[in-house]
Amino acid sequence: MPKLTLSFKGRVIDVFHLESGETHIGRNEDCGIMIDSLAVAPVQAVITQNQGEVYRLQALDETFPILVNHQKAQQTQLHHGDVIQVGKHTLAFAEDVMELSAVLSEPSQPADVEPATESEDVEAAKAGSGILQIVNGDHFGRIIPLKRNMTRIGHAGGNCAMIARRENGYFICLLEGPNPPSINRQPIGDQAQLLKNGDLIDVGGTQMQFHD
């Protein structure tokens, strides 16, 4: 059953399983996905299941735009791994039957792949550390604080990327492997790229959202 994972600044708040028919998103209490925030319209969007298990998102309030993978969307079909931005919250769409088994590289930096506790999330926020949130696969929803100067992501001997923490932000670059990582579905090439809040990163099939 497809699901939406609601997050705020990288912290998972709730998981909603999509039933057949319509699911409304908004701050009204009768919405199937209720987000308690003034940055969200009373009824901001609706997700409708069409024939063939196709889910479509439709924005309902022009004064409260919906972003899908950082692009403004009025009406669009949802795909596995899509990230919807509603006000200051995000909803990550996943189809359970398509979930991948990609994992982060544990041999190189085990500390960076352990699930963060609530207290660790708070301390990371106080220290101004960026975080990654996995939005697909078996580790869906896992939070990875970027507390080190260098964080390696990917499979040893496969596609790997490095995120470097510098004075002016976090930069991602290809470390090894035939396929460079992508940001918002665009390959980064051979040059290091500065990450922006909300960027959707793909490294070897593992998709993560960056929050600073």
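This is a predicted model: local features need pLDDT of at least 70, side-chain atom pairs count only at pLDDT 80 or more; totals for chains, interfaces and linings use all residues.
Let me start with Gln 133, which sits in strand β12, residues 130-134. Is Gln 133 buried or exposed? Buried means under 20% relative accessible area, and Gln 133 comes in at 2%, so it counts as buried. Its side chain also has a partner: a polar contact of 2.8 Å joins it to the side chain of Ser 7.

Now, where does β12 belong? It is part of an open sheet of 6 strands, in the order β13-β12-β21-β20-β17-β18, with antiparallel pairing. At the edges you'll find β13 (143-146) and β18 (186-187); each has a single partner strand, so one side of each is left without a neighbour in the sheet. Further in, β20 (residues 200-203) and β21 (residues 206-211) pair in the antiparallel sense over 4 bridges.

On to the nonpolar cores. The largest has 21 residues, and Ile 25, Leu 57 and Ile 84 have the most contacts inside it. Strands giving two or more residues to this core include β1 (3-8), β5 (45-50) and β11 (89-94), while β6 supplies the largest share, 3 residues. Setting aside neighbours within four places in sequence, Ile 25 is in contact with several residues, among them Ile 33, Val 43, Leu 57 and Leu 91. There is also a second, separate core of 16 residues, including Ile 144, Ile 153, Leu 195 and Phe 210.

Definitions and conventions. Residues are numbered from 1 along each chain as its sequence is written. Side-chain values use heavy atoms; hydrogens and water are left out. A nonpolar core is a set of buried Ala, Val, Leu, Ile, Met, Phe, Trp, Tyr and Cys residues joined through side-chain atoms within 4.5 Å. Buried means under 20% relative accessible area, exposed over 50%, partly exposed in between (1.4 Å probe, protein chains only). Contact means heavy atoms within 4.5 Å. Two strands pair if DSSP finds at least two bridges between them. A polar contact is a pair of N or O atoms within 3.5 Å; within protein, one must be able to donate a hydrogen and the other to accept it, and residues adjacent in sequence count only if both atoms are side-chain atoms.
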